[in-house]
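Hi everyone, thanks for making the time. I'd like to walk you through one structure today, and you can follow along on the screen.

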Amino acid sequence: MSLKDHIDFLGQLRKMHSLNGLAWGEAAHDSRLAETTAFGANPGDLRMFSFVPEGITQKLPLVVVLHGCTQNAAGYEIGAGWCTLAQRYGFALLLPEQTRANNPNTCFNWFAPDDIRRDSGEVGSIRQMVDHMARSHHIDRARIFVTGLSAGGAMAAAMLATYPDVFAGGAVIAGLPYGVALNVRQALKEMRHASARTGHQLGDLVRGATAHKGPWPKLAVWHGDADRTVDPANADALVRQWLDLHGLPEAPMSQNKIDGYPHRVWWNSSGEPVVESYTITGMAHGTPLGAGAGDERYGVAGAYLLDVGISSSYHIAQFFGLTGRVYQTRSPEKTAVARAATDGHRSGATDTPHRKSQQRSNKAGASDEAPDSKRGLDVGAVITRALTAAGLMK
């Protein structure tokens with residue numbers, strides 16, 4: 001099918017939707033997530049799931065986690081390990097979920113004007129969920145953050161742009177800058193070839209979203225340089241967009257390697273890191289998984305949840321300033337067994353975690369991922385194979 005055929009097909013859908021190169025799968029279920037059905041007018045018709053750790057009495061930070069296409073809230077949480085992190089370090093989670101009625105591929109509509117305008121559509125629904133969490137739980141409104149993968153990453157950028165007064169920071173994984181696409185055709189174009197806008201032009205897209213004059217949320221950007229679904233040049237564009245908002249130069253103030261991967265940092269006049277980027281060399285489209293502090297592993301590898309030896313979830317939580325105090329310690333073996341058993345047949349999951357993946361997105365948005373080499377013994381892979389052999393996973 002040609003690109004033109006895709007665009008024509010997308011145009012016939014009830015609501016415009018993005019194409020993220022993910023495959024349909026069965027829904028995942030996680031008993032640790034609670035659904036809330038009455039949280040507001042819900043202009044974007046989204047579902048609300050959340051997790052609040054037990055036994056913590058002080059104000060809780062809140063992290064909003066947005067899944068990618070064909071995923072759901074529980075499946076992405078399991079894969080990325082966010083509940084384990086939240087319980088360990090003491091913060092609450094909000095996990096909005098897209099519906100097939102809104103988008104046949106369950107992509108957040110990161111490019112639809114009605115869904116990325118303040119107090120409208122999907123961003124409006126997510127904002128209402130945040131308010132409900134703050135009213136219902138002991139949430140620290142000064143420490144509310146948002147992160148997401150792919151379409152969820154692009155929607156995370158939209159939340160930062162439309163509610164810079166609500167969010168202290170965000171992290172975008174394999175996503176796109178805010179405002180670069182306002183219809184399906186532009187979305188497909190930007191996903192394949194990021195446009196060459198200047199940092200100031202990109203910054204103007206955010207400045208035009210609200211009357212906010214600053215200060216601006218901080219941002220972490222993660223992207224694999226072998227991504228064939230979302231052009232890695234979008235990561236550089238995102239960095240330039242937020243450097244312009246913060247009034248910072250494009251040259252990084254610090255460059256190093258974290259777990260072997262290039263890491264760049266920019267900080268403000270107070271010495272606080274406000275923009276950072278990770279380039280995951282050799283990685284295709286997905287969320288990087290690996291170990292955090294003390295070799296604690298987070299998440300379960302599968303399709304678009306890629307075991308590359310670095311935990312993006314942990315480092316994002318660290319960038320948000322949430323990993324200073326440990327509230328509960330769980331062994332990686334027990335965590336992996338519990339998560340794998342709960343997950344069962346996860347949406348779009350593969351049987352074998354892999355360190356690096358090469359991905360070929362065909363014109364229908366499907367892709368193949370091939371396992372490659374891994375660092376050392378992968379406990380999650382061993383457990384997954386054992387559960388599969390026992391008939392507990394497919």
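The accessible surface of the protein comes to about 15,200 Å², and carbon and sulfur atoms account for 51% of that area. Please keep in mind that this is a predicted model. Of the 394 residues in the protein, 59% are buried. In terms of secondary structure, there are eleven helices and 13 strands. How far apart in sequence are the residues that touch? Taking contacts in the protein between residues at least 6 apart in sequence, 73% join residues at least 24 apart.

Let's turn to helix packing, starting with α4 and α5. Helix α4 covers residues 121-136 and helix α5 covers residues 151-162. Their axes come within 10 Å and cross at roughly 75°. An angle from 65 to 115 degrees counts as roughly perpendicular, and α4 and α5 are therefore roughly perpendicular to each other. Which residues meet there? On the α4 side we have Glu122, Val123, Ile126 and Arg127, and on the α5 side Met155, Ala158, Met159 and Thr162. By class, that contact of α4 with α5 has five nonpolar, one polar and two charged residues.

Now a second pair, α7 and α8. Helix α7 runs over residues 199-207 and helix α8 over residues 233-246. The axes of α7 and α8 come within 7 Å, and the crossing is at roughly 70°. So α7 and α8 are also roughly perpendicular to each other. From α7, the residues taking part are Gly199, His200, Leu202, Gly203, Leu205, Val206 and Arg207. They meet Ala237, Arg240, Gln241, Asp244 and Leu245 in α8. The class breakdown for the contact of α7 with α8 is five nonpolar, four polar and three charged residues.

Is Thr162 buried or exposed? Its relative accessibility is 0%, so Thr162 counts as buried. Leaving aside neighbours within four places in sequence, Thr162 is in contact with Ile116, Arg117, Arg118, Val123, Tyr178, Ala209 and Thr210.

Ala161 is also found in helix α5, and with 0% relative accessibility Ala161 counts as buried too. Outside the four places on either side in sequence, Ala161 touches Tyr178, Val206, Ala209 and Thr210.

On to the loops. Leu176 is in the loop between β6 and α6, that is, between 169-173 and 184-192. Leu176 has a relative accessible area of 1%, so it is buried. Which residues does Leu176 contact, apart from its neighbours within four places in sequence? They are Trp110, Ala154, Ala157, Glu190, Met191, Val230, Asn234 and Leu238. For Trp110, the separation from Leu176 is 66 residues in sequence and 9.0 Å in space, C-alpha to C-alpha.

Most residues other than glycine have a negative phi, and most peptide bonds are trans. In the loop between β6 and α6 we also find Ala174, which has a positive phi of about 55° although it is not a glycine. Ala174 counts as buried because its relative accessibility is 1%. Ser150 has a positive phi as well, near 55°, and its place is in the loop between β5 (139-149) and α5. With a relative accessible area of 0%, Ser150 is buried. What about omega? Gly214 and Pro215 are joined by a cis peptide bond, with omega about 0°. Pro215 is in the loop between α7 and β7, where β7 is 218-224.

One more residue before we discuss. Ser312 lies in helix α9, residues 312-319, and Ser312 is buried because its relative accessible area is 0%. What does the side chain of Ser312 reach? It reaches the backbone oxygen of Pro288 at 2.8 Å. Pro288 is also one of the contacts of Ser312, along with Ile173, Trp222 and Thr287, once neighbours within four places in sequence are left aside.

Definitions and conventions: Residues numbered from 1 in each chain as written. Predicted model: local features only at pLDDT ≥ 70, side-chain atom pairs only at ≥ 80, totals over all residues. Heavy atoms only, no water. Axes fitted to C-alpha atoms, helices over the stretch in contact; angles between N-to-C directions. Helix = DSSP H or I, 4+ residues; strand = E, 2+ residues; numbered from the N terminus. Parallel < 35°, antiparallel > 145°, perpendicular 65-115°, else oblique. Contact = heavy atoms within 4.5 Å. Nonpolar A, V, L, I, M, F, W, Y, C, P; charged D, E, K, R; others polar. Buried < 20%, exposed > 50% of the residue type's maximum accessible area, 1.4 Å probe, protein only. Polar contact = N/O pair within 3.5 Å; in protein donor to acceptor, adjacent residues only side chain to side chain. Areas by Shrake-Rupley, 256 points an atom, 1.4 Å probe, with all protein chains shown as cover.
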